[in-house]
Amino acid sequence: MFSLILVGLLINKIGFFHQQTSDDLTSILLYVVSPCLIINAFEEPYSPKRIQQFLLTLFGIILFYLVDVDIFIARIVFGKIKDTALSRVVQYGSVYSNAGFMGVPLASSLFDSQGVFFAAASLAAFNIFNWTHGVKLFQPKQNQLDHKAALQKVVLNPNIIAIVCGLLLFSLSIKIPFVINQAVKYVGSVNTPLSMIVIGNSLAGIKFSRKMLNSKILLALVMKNLFFPVIAIMILEFLKISGIAFYTTVVMAACPVAGIVVLFTLQARGNPRQAITLMSISTILSLATIPLVFAISKI
């Protein structure tokens with residue numbers, strides 16, 4: 001699958017990929033293709049055991065965010081940094097994974113529709129915390145996103161809508177009409193290859209230098225790519241989550257820094273250099289750290 005990232009790199013070097021093309025494809029992947037993939041994953045006969053595993057997995061992920069985000073680790077380690085812009089970038093980046101853009105394609109590639117089924121739990125938790133705690137990090141205190149606006153961001157997210165619709169289809173054993181079902185399958189099937197190609201294209205435009213790194217960025221990289229995924233493994237094992245639900249959630253937690261950290265930084269009128277550095281290096285390192293975390297989860 002990582003060979004598809006190389007395809008994206010090559011396409012960029014040839015000159016076929018322009019910034020507007022990348023932005024448009026990213027929007028299509030996140031708001032059209034990914035929801036179709038999720039709905040398709042839920043179109044299976046109802047199973048009480050599977051829905052129980054899904055809810056238990058969702059609980060475990062929420063517990064992971066509560067432990068990592070605000071209470072013990074990220075805020076304690078990075079909250080007192082004098083550089084406010086750097087503080088919020090590393091706090092956000094050390095915790096929030098690229099769940100939708102990279103996690104779901106990985107889950108689909110490794111575990112097929114069952115992987116996407118349980119990946120939806122991680123995606124739901126990500127959207128809940130991202131549009132509440134995550135966005136709050138980048139808002140000035142006098143301009144905090146109000147609760148109603150935050151709730152709208154969560155509820156109206158196409159992936160959350162797809163998860164809710166999928167759970168209804170699954171719980172009530174509703175079958176989508178054949179023509180619509182085929183269209184949903186075809187659209188969802190392009191998720192993995194197109195996501196990896198877009199990621200490869202993004203990486204091709206990065207120019208690295210030593211000035212991009214500092215001790216806080218390096219610490220955030222270690223925490224995001226290795227430390228926090230290991231904590232996720234411990235929480236999942238404590239809750240006795242196993243099988244595909246366990247491994248899918250581990251892969252989702254091991255994904256690199258969420259790309260939306262750059263968007264949040266721009267919206268806060270900050271310099272995106274540190275956010276781009278953190279996201280880019282985290283993505284490159286994940287080519288090695290995701291297999292490493294996956295191996296640790298099997299010990």
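Colleague: Which residue follows helix α13, and where does its phi lie?

Modeller: Arg269 follows α13, and the phi of Arg269 is positive, near 60°. Helices here are DSSP runs (H or I, at least four residues; strands are E, at least two), numbered from the N terminus. The model is predicted, so local features need pLDDT of at least 70 and side-chain atom pairs 80 or more, while totals for chains, interfaces and linings use all residues. Residues are numbered from 1 along each chain as its sequence is written, and side-chain values use heavy atoms, without hydrogens or water.

Colleague: What makes residues of α13 count as buried, and which are they?

Modeller: Buried means under 20% relative accessible area (exposed is over 50%, partly exposed in between, with a 1.4 Å probe and protein chains only). In α13 (residues 260–267), Ile260, Val261, Val262, Phe264 and Thr265 are buried. They pack against α5 (84–93), α6 (99–137) and α14 (273–297).

Colleague: Why is α2 called roughly parallel to α8?

Modeller: Helix α2 (residues 19–42) and helix α8 (residues 158–172) pack at an angle of about 15°, with their axes 8 Å apart. Roughly parallel means under 35 degrees (over 145 is roughly antiparallel, 65 to 115 roughly perpendicular, the rest oblique), so α2 is roughly parallel to α8.

Colleague: Which residues of α2 make the contact?

Modeller: Contact means heavy atoms within 4.5 Å. From α2 come Leu30, Tyr31, Ser34, Pro35, Ile38, Ile39 and Phe42, and the residues of α8 include Pro158, Ala162 and Phe170.

Colleague: How confident is the predictor in the chain?

Modeller: On the pLDDT scale (confidence in each residue, from 0 to 100), the chain has a mean of 87, and 93% of its residues reach 70 or more.

How values were computed. Axes are lines fitted to C-alpha atoms, for helices over the stretch in contact, and angles run from 0 to 180 degrees between N-to-C directions.
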